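Please examine the sequence and the structure displayed below before reading further. The explanation that follows is intended to be read with both in view.

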Amino acid sequence: MFQGLLKKDFLLIKNYFWLWLIAVLAIYGAGLMFATYYDAFALVFPFIFMIYLFHLVLLPMTEMVLLKAEEKGQYWLHSTAGGMRLLLSKLVVALAVFLASLVLTDVLALITLNIANVQEYIHIPGRSVPYREGFLLNGALTAGALYFTVWGLFLWTVYHSLNAYPLLKKVRWGVVIAIYVAFQGLAAKMLEIPLIEKWFASWTVRVSEPGTQAWGIGAMSFSVENGAIQIWPIIVSVLFHVGLFLAAAWLLNRKVEV
Amino acid sequence: MIELRNVTKEYGKRKALQDVSLQFEKGKIYGILGPNGSGKSTMMKMAAGLVFPSKGEVIVNGQPADRSIARDVAYLSSEGMVYPGLTVQQMIEFFAAQHKDFSLEKAEELIQFMSLERHKKVAKMSKGQQGRLKLLLVLSRKAPVLLLDEPFLGLDPMVRDTIVKGLVSFIDFGEQTVIITTHEITEIEPVLEEAVILDEGMVRARCHVEALREEEGLSVLQWLKRNYQ
Amino acid sequence: MTEEFRTSKPIYRQIADRIIQQFVRGKIAPGEKLPSVREMAIQSGVNPNTIQRTYGELERMDVVETRRGQGTFMTEQIDRKKQLRIEIQREMIETFIQNMRGIGVEDKEITEAVEQFLAGKEPSEND
């Protein structure tokens with residue numbers, strides 16, 4: 001059953017997926033042409049960064065396209081699969097699209113870096129390709145994109161749950177935004193509590209040597225604060241977003257009406 | 001068997017259904033008639049587990065209708081249901097993967113019967129073809145309950161006729177309970193056993209189709225008109 | 001196309017009438033096998049239960065005969081066919097006479113008109 005859902009969801013996004021991969025290559029190609037025109041190879045990098053940054057939007061966008069496909073009649077809810085599986089299938093397919101695109105971008109970045117490195121177009125500490133930073137970048141983008149996507153899922157189900165209440169229906173965009181803002185405000189307040197601050201700081205993992213982490217050119221650089229990452233906030237955040245996903249599934253099962 | 005017990009559905013102040021109690025027996029074919037906004041679709045969506053009652057309960061095969069009722073209920077919705085980007089074949093495969101009671105053999109027969117092109121995308125199909133595909137997807141299931149919400153909507157008489165023939169050919173009479181909502185009564189009338197008129201969320205009248213002719217000399221259409229005078 | 005049905009009579013009766021008519025006209029031979037309930041329902045676009053009733057009614061009238069496991073067959077009794085022919089004739093005459101009387105034609109005039117019609121003459125003004 002889940003396989004059938006995955007296949008259907010992939011078919012729904014397939015055309016957009018190919019289009020996007022072509023767009024990535026086109027942007028990269030444009031970058032190459034731009035760089036050649038100005039005779040400065042390093043100018044390709046802003047384009048690659050742009051593609052990387054697009055990925056933050058790509059995952060939630062894919063998710064939304066997949067959800068949008070169901071909005072007409074919401075027939076997908078007439079299913080024994082249940083909210084969890086329905087949403088998970090969307091998430092898995094969107095993630096697959098996202099990762100495929102990210103890998104393509106990584107390949108392009110690696111090719112470019114190798115050319116640049118040999119030609120000494122840019123300064124890379126130790127003259128080696130920054131694999132570690134690359135992994136961190138991929139990880140950070142995936143985490144960021146997932147953040148928006150899970151929120152998107154949750155807020156989408158909230159939005160459609162309000163369908164049954166005509167009073168709230170008119171202001172449901174407002175309700176959705178209010179919920180998001182309230183959560184952010186709450187999170188910010190909690191981070192100010194010294195106890196939590198201390199707890200978060202209690203477990204850090206060093207990911208790179210302080211002072212040597214920055215690479216790239218000009219303002220277009222990527223770095224890790226003090227070369228260390230706090231672990232607790234990551235765990236808490238992961239748990240919170242899993243909870244958000246489950247809440248979305250529950251809403252989809254119980255509250256979204258057609 | 002499907003049973004609505006004092007079902008009310010409210011959307012704010014508007015009542016889509018008001019204290020409706022109805023029973024549908026196993027193996028019979030029912031028609032639900034009534035103007036737009038009479039609550040027909042809401043009732044169907046409830047029996048399909050897509051809408052929940054504000055008051056009362058909807059029982060399908062002894063179980064309150066929620067999302068999982070899709071196991072026993074094959075539901076043809078008037079909108080959505082098929083994805084524009086998918087082909088006939090892909091839609092069939094998707095339904096087959098989702099429903100254990102989906103019979104690929106029946107689907108094959110129905111492709112022939114409905115003269116559908118296997119590799120045509122839904123987006124490229126006419127309304128009539130889409131209507132036939134929807135019916136194929138529902139009739140291929142050996143589900144105890146079939147709910148057809150406006151299966152004739154926007155279809156010309158020839159297609160309506162094909163659909164009626166399809167129903168007679170592929171329904172398991174006596175086993176499958178079928179409920180059909182429609183405006184287009186003429187073609188479907190000879191297939192129905194009982195008809196219910198819904199109006200403003202309430203049951204206005206109910207009849208046995210053949211008894212109506214025998215006792216009052218009326219067709220369902222004439223009966224419907226008389227009820228609205 | 002699915003056939004149209006009149007509203008004044010139950011559908012099962014109308015289908016029974018049609019089968020009898022076809023039998024009398026020789027379109028269905030004595031002893032001929034009728035379509036199965038399902039087939040007949042599909043042909044006529046009606047509920048199979050209706051056909052079940054039709055066949056039941058015809059069987060009660062001794063017009064058809066159901067052989068277990070084989071299906072439904074038209075009667076082979078020629079006498080029954082003759083009787084049916086007379087019954088249909090009577091019905092037709094009855095309708096005809098009622099219609100004629102309805103427009104104020106007297107019985108004597110009716111016989112005259114029928115005789116003239118059969119002789120190939122135009123109906124005359126006889127007042």
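The model is a predicted one.

We begin with the second largest pocket, whose volume is about 580 Å³. Twenty residues, written as 20 in the count, line this pocket, and those closest to its centre are A:Ala187, A:Leu191, A:Val236, A:Ser237 and A:Phe240. Which helices of chain A each supply at least two residues of the lining? They are helix H4 (131-161), helix H6 (172-192), helix H7 (194-201) and helix H8 (232-254). The largest share, seven residues, is provided by H6(A). When the lining of the second largest pocket is divided by class, 15 residues are nonpolar, four are polar and one is charged.

The structure has three cavities of 30 Å³ or more. The volume of the largest cavity is about 130 Å³. Among the 13 residues of its lining, A:Tyr75, A:Trp76, A:His78, B:Phe94 and B:Gln98 are the closest to the centre. Helix H1 (2-37) of chain A and helix H2 (88-98) of chain B each contribute at least two residues to this lining. H2(B) gives the most, with three residues. By class, the lining of the largest cavity has eight nonpolar residues, four polar residues and one charged residue.

Over all chains, the whole structure contains 23 aromatic pairs. One of them joins A:Tyr37 and A:Tyr38: the ring centres are 5.1 Å apart and the planes stand at 85 degrees, so the pair is edge-to-face. The reasoning rests on the angle, because planes over 60 degrees apart count as edge-to-face. A:Tyr37 has a relative accessible area of 67% and is exposed, whereas A:Tyr38, at 49%, is partly exposed. These two labels follow from the cut-off, because exposed means over 50% relative accessible area.

A second example is found in chain B. The rings of B:Phe113 and B:Phe170 have centres 5.4 Å apart and planes at 80 degrees, so this pair is edge-to-face as well. Why does the pair tie together parts that are 57 residues apart in sequence? B:Phe113 belongs to helix H3 (residues 104-113) of chain B and B:Phe170 to helix H5 (residues 157-170) of chain B, so the contact links those separate parts. B:Phe113 is partly exposed, at 29% relative accessibility, while B:Phe170 is buried, at 8%.

The charged end of C:Arg53 is placed over the ring of C:Tyr12, at 4.1 Å from the ring centre. C:Lys81 lies over the face of C:Phe23, and here the distance to the ring centre is 5.4 Å. An unreviewed UniProt entry places the feature "domain: HTH gntR-type" at residues 9-77 of chain C. That span is 51% helix and 12% strand, and its end C-alpha atoms lie 28 Å apart.

A:Ile229 and A:Leu12 are 217 residues apart along the chain, and their C-alpha atoms are separated by 38 Å.

Definitions and conventions
Residues numbered from 1 in each chain as written. Chains lettered and ligands numbered in written order. Predicted model: local features only at pLDDT ≥ 70, side-chain atom pairs only at ≥ 80, totals over all residues. Heavy atoms only, no water. 1 Å grid on protein atoms, 1.4 Å probe; cavity = no way out; pocket = protein on both sides within 12 Å on 5 of 7 lines; lining within 4 Å. Points joined across faces, edges and corners; volume = space filled by probe spheres on them. Helix = DSSP H or I, 4+ residues; strand = E, 2+ residues; numbered from the N terminus. Nonpolar A, V, L, I, M, F, W, Y, C, P; charged D, E, K, R; others polar. Phe/Tyr/Trp six-rings, centres within 6.5 Å; stacked < 30°, edge-to-face > 60°. Buried < 20%, exposed > 50% of the residue type's maximum accessible area, 1.4 Å probe, protein only. Lys NZ or Arg CZ within 6 Å of the ring centre and 35° of its normal. UniProt positions renumbered as here; feature names shortened; annotations may be inferred.
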